[in-house]
Amino acid sequence: MASGLIGYASSFSVRAGGQIGLKLSSASAQSCELTLQRVRGADWTKAGAVPRLETCAHPASGPYPCRHRPIPAGSYGLAPAPPGLANCRVLSLGAWVYPTAKPPRHAAILSLEGTGEGTGEGTAESRGAPLVLGLDDRGHPALRFGERLCAVLESPLPRAAWSILVCTLEGGTVTLSALLPGAREVTASGRLDAVPEIEQVRMAAVSRAGRITDFFDGRLESPALAQIGGTHLSRALQAGRAGLLRLGPDRLADWNFAKGIDSQRIHDDGPARCDGRLVNRPARAVTGAFWDGRHFDWPSAPDHYAAVHFHSDDLDDCDWPDDITLQIPPDWPPGLYAARVENTDGADLIPFAVRAAAVGVPPRLAVLLPTFTYLSYGNARNAMRGPDFGVRSYPDEETLAAHPALGRSQYDLHDDRSPSLFSSPRRPLLTMRFGIRPWGLPVDAALLGFLEHLDTPYDILTDGDLHGEGIAALQNYACVLTGNHPEYYSAEMLDALEAFTHRGGRLMYLGGNGFYWRISACPETGTIEVRRAEDGTRAWIAAPGEGYHAMDGRYGGLWRRLGRPPNRLVDVGFAAQGDFDVSGHYLLRDGVRESAAAFVLDGVEGPAFGTHGWLGGGAAGQEIDRADPALGTSSDTIVLASSTGHTPAMMRTIEEMLSTVPPFADPKVRADVTLRALPAGGAVFSVGSMTWIAALDHDEWDNDIARITDNVLRRFLDPAPLTLKGADD
């Protein structure tokens with residue numbers, strides 16, 4: 001049954017001794033109970049992954065107040081109106097418009113609003129109802145004042161094409177006109193006795209009775225207000241920035257979306273400087289009405305990218321207040337924790353990481369949770385999270401299905417079929433739970449269970465910590481372990497891990513398809529951006545001209561295509577994916593037991609290992625990585641083992657295929673286990689598989705995968721120099 005109580009933490013991580021907030025929404029109940037628990041691992045059962053939880057002492061269990069909170073999906077722009085609009089003898093408002101909704105829907109494009117809207121007695125005019133230039137449910141441009149239709153065009157605006165839409169108010173007459181593709185102009189007229197007092201301009205939505213509604217799906221460029229006739233404003237918009245500048249003092253407001261593309265501000269080039277803001281992060285760095293295909297990077301030609309793409313399902317910030325503020329005791333051990341909130345509406349288990357306190361000596365080992373991967377997959381549909389492994393129903397997926405407004409993952413398309421470029425942590429991420437298909441957090445919790453079994457102290461970091469702090473986040477550790485799928489990485493994160501290993505740190509990459517997509521991250525909100533440009537195994541492809549990130553103006557896509565293939569960092573890189581139900585195992589390479597790397601195999605017998613695991617029955621599967629000198633694998637790297645036992649459905653990754661080919665016995669479809677020592681004492685161990693971690697707990701940790709991992713971990717924590725003899729692949 002879906003839970004009616006959901007929430008999220010104010011941050012993915014907090015230091016011991018610090019504070020973290022819990023933001024909740026409950027369908028009907030006004031209070032909830034709280035239990036704080038430390039995650040000591042995860043077990044695979046017939047019902048899926050079940051966390052091992054240890055209850056923590058805290059001051060009080062509650063009850064704590066909570067209430068129903070809205071999910072404010074939908075993006076728009078908001079700016080103050082220039083003064084004196086009601087006194088203009090003639091007032092025109094207009095913009096370039098590019099609708100994308102299919103089928104067409106009722107939507108606001110420009111809404112002129114007064115703060116008195118929705119209050120008082122009398123007519124709509126006396127209540128300050130909004131004046132809305134928008135589309136009716138057929139896609140026809142229309143002007144409404146409150147609920148009254150003032151004018152409507154007989155022709156719709158074409159979908160996925162640029163048109164100019166202008167409305168003029170003069171002497172009680174409304175003139176509505178649209179310049180459609182092919183230079184076809186359509187007009188209509190109506191009546192409006194007076195322009196109301198206007199205090200703000202809303203773009204791509206309207207506020208009615210305190211509720212934001214009628215969201216526009218599509219792109220807008222150069223929304224403007226001018227005290228001239230509509231024909232003059234239309235011609236100015238056709239001429240672009242130069243045409244608007246030529247309006248001189250008649251230009252009242254002119255929001256230039258070519259400025260501040262890397263921010264959520266919108267700049268007014270008009271005399272009143274009515275700068276505003278974007279809400280819920282609509283897409284910027286998208287091609288506009290004047291993009292001609294000659295420029296592909298917006299920083300070099302921002303006027304070609306003077307558009308904003310709004311979506312009715314954008315969600316960057318639920319903006320819920322903290323219902324509970326947790327003061328984390330300074331003596332809490334580092335690890336993954338969960339706040340369980342529960343009432344008559346249901347229950348939610350909200351995870352967060354507790355890092356070692358800022359004072360004192362931290363553990364020498366750190367687990368780096370791939371929270372940017374969790375975020376990128378956040379609230380993705382079931383098909384993007386692997387097979388169900390025979391489990392009929394996962395409870396948290398029912399809750400996710402009951403809250404479709406909680407925002408898109410970066411594997412989804414918006415309702416208008418445009419790609420979802422952003423993913424925000426400021427919302428309940430119901431895929432970042434345990435009652436889901438085993439993808440992400442449930443698997444990585446098994447790694448924590450392994451460390452708890454070994455009784456090995458560890459600290460915990462998140463991708464956000466690494467991105468924000470760089471090498472400083474790693475400088476106190478001898479060894480760092482990754483999770484099973486660290487797919488999304490920023491340049492800052494790669495720089496930090498490279499510096500860590502080259503300065504003597506030791507890295508254990510215990511996953512597959514890692515360090516694959518380049519992301520940017522917003523320092524204020526933690527939202528991440530991805531542009532799936534040019535190549536790669538991907539759910540969607542960035543539109544032509546839209547491969548550069550809005551957040552930092554740098555080119556997006558695969559790190560491999562950007563000159564930093566994963567092999568340079570961890571010796572292996574994405575090789576294949578396909579059969580997520582069946583995993584393979586490993587065979588030792590010849591001569592490994594006689595090499596300096598033989599310590600890895602202490603206690604492991606026979607040529608094969610990893611023939612078990614709760615993700616497909618093997619330790620090598622789902623998405624796998626191989627060594628390849630052509631992609632940066634060092635000549636000093638020792639390949640210890642390679643996988644076998646894959647089905648024909650496991651096929652080489654798209655970026656390596658120059659043409660379509662039928663399935664064949666492909667020697668490059670394999671996972672490699674590698675080991676490399678670096679000159680300053682650093683080292684890298686990689687397993688090249690997303691299912692390795694899920695094989696650790698087999699037979700109560702008494703198995704070859706656990707033994708190999710333990711052997712490497714103990715040696716990596718040993719400060720003695722690690723000397724290896726290189727071997728050719």
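Predicted model: local features only at pLDDT ≥ 70, side-chain atom pairs only at ≥ 80, totals over all residues.
**Entry 1: a cis peptide bond**

I began with the backbone, keeping in mind that most peptide bonds are trans. I found that the bond from lysine 102 to proline 103 is cis, its omega lying near 0°. I then looked up where proline 103 sits, and found it in the loop that joins strand 8 (90-99) to strand 9 (107-113).

I next turned to phi, which is negative in most residues other than glycine. Alanine 285 has a positive phi, near 60°. I located alanine 285 in strand 23, which covers residues 283-286. Is alanine 285 buried or exposed? Its relative accessible area is 1%, and a residue counts as buried under 20%, so I recorded alanine 285 as buried.

I noted asparagine 379 as well, with a positive phi of about 65°. I placed asparagine 379 in the loop between helix 3 (371-376) and helix 4 (395-401). Asparagine 379 also counts as buried, because its relative accessibility is 7%.

I followed an open sheet of 4 strands and wrote down their order as 29-35-34-32, with mixed pairing. Which strands stand at the edges? They are strand 29 (422-423) and strand 32 (488-489). Each has a single partner strand, so one side of each has no neighbour in the sheet.

I then examined the pairing of strand 34 (residues 517-521) with strand 35 (residues 528-530), which is antiparallel and runs over 3 bridges. As one example, I traced isoleucine 519 to its bridge partner in strand 35, valine 530.

**Entry 2: the buried side of helix 1**

I listed the buried residues of helix 1 (residues 230-238) as Gly230, Leu233, Ser234, Ala236 and Leu237. Why do they lie on the same side of helix 1? They cover an arc of only 160° around the axis, and therefore they fall on the same side. I recalled a general rule here: an α-helix has 3.6 residues a turn, so residues three or four places apart point the same way.

I also looked up what these buried residues pack against. Their partners are strand 8, strand 13 (163-170), strand 19 (218-226) and helix 2 (241-245).

Definitions and conventions. Residues numbered from 1 in each chain as written. Heavy atoms only, no water. Helix = DSSP H or I, 4+ residues; strand = E, 2+ residues; numbered from the N terminus. Buried < 20%, exposed > 50% of the residue type's maximum accessible area, 1.4 Å probe, protein only. Pairing = 2+ DSSP bridges. Arc of directions from axis to C-beta. Contact = heavy atoms within 4.5 Å.
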